[in-house]
Amino acid sequence: MTEKCVNLPAWTEKWPAPAKLNLMLRITGRRPDGYHLLQTVFQFIDLCDWIRFHPVDEDSVSLNQTLPGVSEADDLTVRAARLLKAEAGYAGGVRIEVEKNLPMGGGLGGGSSDAATTLVALNYLWGLGLPVERLIQLGLSLGADVPVFVFGQAAWGEGVGEKLEPIQVPECWTVVIRPDCHVNTGEIFSDKNLTRDSKSIRISDFIAGQHQNDCLDVVERRYQAVKDALVALSEFAEGRLTGTGACVFAQFDSEQSAKSAYRSLTAKWQCYLVKGVNESPLYAKLRAVENIS
C-alpha cells in the first residue's frame, strides 16, 4: 500500500485513551488454553491517558519516552502500531508520545486503552480505512481488554471479553481509589482459590443488581491495601473492585455526594473523581478530527 495522509491539522491533535471500569465480573469457566471465560460489563470513565502521533518518513515506530519497567518493543502502543503497519502494508512510520495518567496495574485498562487508541487513530491518520471489526480482531491479539476500547461503547462482554454487545448503564459520578499496590493479574487468575464456575446470568440480572466480581475474595486476601480501600469507600457507598484491581470504585447518585466523598477520602487515599460515560471519548475525538480534516 502506498502512503496516504490526511490533513496536517489532524496530526496535531491529542487523542484520548480512556479508563474503563468492570461493573461486574463473573468467571464462568476456563478454556483448554488456560484463558478464563467471563461475563462482564464495561463502562468508560472520563479519566484518560493522552497520546500524540508524530509522522516520520522512515519505516519505523518509536516512543518519545518509554514507561518505567517497559521496553519500547514491549510497549502496547508500539506493538499496536507495528501490527497495524504490517496488516495494511503501510510504508511510513510514527513516533508516539504518551501522557500517562492511568495507573499501571490498576485494573483500569490503561495499556489496553493506549493500544486501542493507537489502532483507531493511526487507522485514520494513515488513511488505511480498516473496518472496526478488523481493528477489534487485531486488538484481541494484543490483549483481552483491547477490543472493548476499539468497540468504543459500554458493553456486555463474554468469552474472554471479546464478545461484545452494547449496553446502556447509568452514567454515574464515581470515586475511584488507587491503593498503594500493584496487583498482578496473572497471579490472581492462577490462584487455586479463584471462583471459576459462576453461573451465567443475563443482562437483566445485572440490571437488577447482580454485579459481583469473582476476583474480589482472592484480591482482598492477597492485598490488604485493596481491602482497606474498600472499607474506606463503604462509609459513603458500595465499594467495588474493577477487574482484578488494584483500583476500587463507588458510584453515587449525584455529583454533590460524589464530591463530598472524594474530599473526605483524599486526605488518606489517592483518588479520582470521574464520570461514567457510555461512549468512549476516543470516538468523540475521532468525529471532531474528521470535521477539521
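## Helix 2 against helix 10

In this predicted model, Ala116, Thr117, Val120 and Tyr124 of helix 2 meet Leu282, Tyr283, Leu286, Val289 and Glu290 of helix 10; a contact here is a pair of heavy atoms within 4.5 Å. By class, the residues of this contact are 7 nonpolar, 1 polar and 1 charged. The classes work like this: Ala, Val, Leu, Ile, Met, Phe, Trp, Tyr, Cys and Pro count as nonpolar, Asp, Glu, Lys and Arg as charged, and the others, Gly among them, as polar.

The axes of helix 2 and helix 10 are 11 Å apart and pack at an angle of about 15°. Each axis is a line fitted to C-alpha atoms, for helices over the stretch in contact, with angles running from 0 to 180 degrees between N-to-C directions. Helix 2 and helix 10 are therefore roughly parallel to each other. For these labels, under 35 degrees is roughly parallel, over 145 roughly antiparallel, 65 to 115 roughly perpendicular, and the rest oblique.

Setting aside neighbours within four places in sequence, Lys285 is in contact with Glu13, Lys14, Trp15 and Pro16.

## Helix 1 against helix 2

Helix 1 and helix 2 pack at an angle of about 35°, their axes 8 Å apart, and here too the crossing is right-handed. From helix 1 the contact draws on Leu76, Thr77, Ala80, Ala81 and Leu84, and from helix 2 on Gly111, Ser112, Asp114, Ala115, Thr118, Leu119, Leu122 and Asn123. These residues divide into 7 nonpolar, 5 polar and 1 charged.

Ala80, in helix 1, has a relative accessible area of 0% and so is buried; buried means under 20%, exposed over 50% and partly exposed in between, with a 1.4 Å probe and protein chains only. Not counting residues up to four places away in sequence, Ala80 touches Ala115, Thr118, Leu119 and Leu142. Its C-alpha lies 9.9 Å from that of Val120, 40 residues apart in sequence. Ser112, in helix 2 (residues 110–125), is also counted as buried, at 14% relative accessibility. Beyond its neighbours within four places in sequence, Ser112 is in contact with Leu76, Asp145, Val146 and Phe149.

## Helix 1 against helix 3

The axes of helix 1 (residues 76–88) and helix 3 (residues 132–140) come within 11 Å and cross at roughly 130°. That makes helix 1 oblique to helix 3, and the crossing is right-handed. Leu83, Leu84 and Glu87 of helix 1 meet Arg134, Leu135 and Leu138 of helix 3. By class there are 4 nonpolar, no polar and 2 charged residues in this contact.

Pro147 belongs to helix 4 (residues 146–151) and counts as buried, at 0% relative accessibility. With residues up to four places away in sequence left out, Pro147 touches Ile136, Gly139, Leu140, Glu162 and Leu164. The C-alpha atoms of Pro147 and Ala115 are separated by 9.7 Å, with the two residues 32 apart along the chain.

If you check backbone torsions, look at Gly245 and Ala246: a cis peptide bond joins them, with omega about 20°. Ala246 is found in the loop between strand 8 (240–241) and strand 9 (248–252).

## The chain as a whole

The chain has 10 helices and 10 strands, which are DSSP runs numbered from the N terminus (helices H or I, at least four residues; strands E, at least two). Its C-alpha trace spans about 55 × 45 × 35 Å along the principal axes. The radius of gyration is 19 Å, which agrees with the value near 19 Å for a compact globule of 293 residues; this radius is taken over C-alpha atoms, and the globule rule is 2.2 Å times the number of residues to the power 0.38.

Buried residues make up 51% of the 293 residues. Among contacts between residues at least 6 apart in sequence, 76% join residues at least 24 apart.

## Conventions

Residues are numbered from 1 along each chain as its sequence is written, and side-chain values use heavy atoms, leaving out hydrogens and water. In this predicted model, local features need pLDDT of at least 70 and side-chain atom pairs count only at pLDDT 80 or more, while totals for chains, interfaces and linings use all residues.

Conventions:
A crossing is left-handed if the near helix is turned anticlockwise from the far one by less than a right angle, and right-handed if clockwise.
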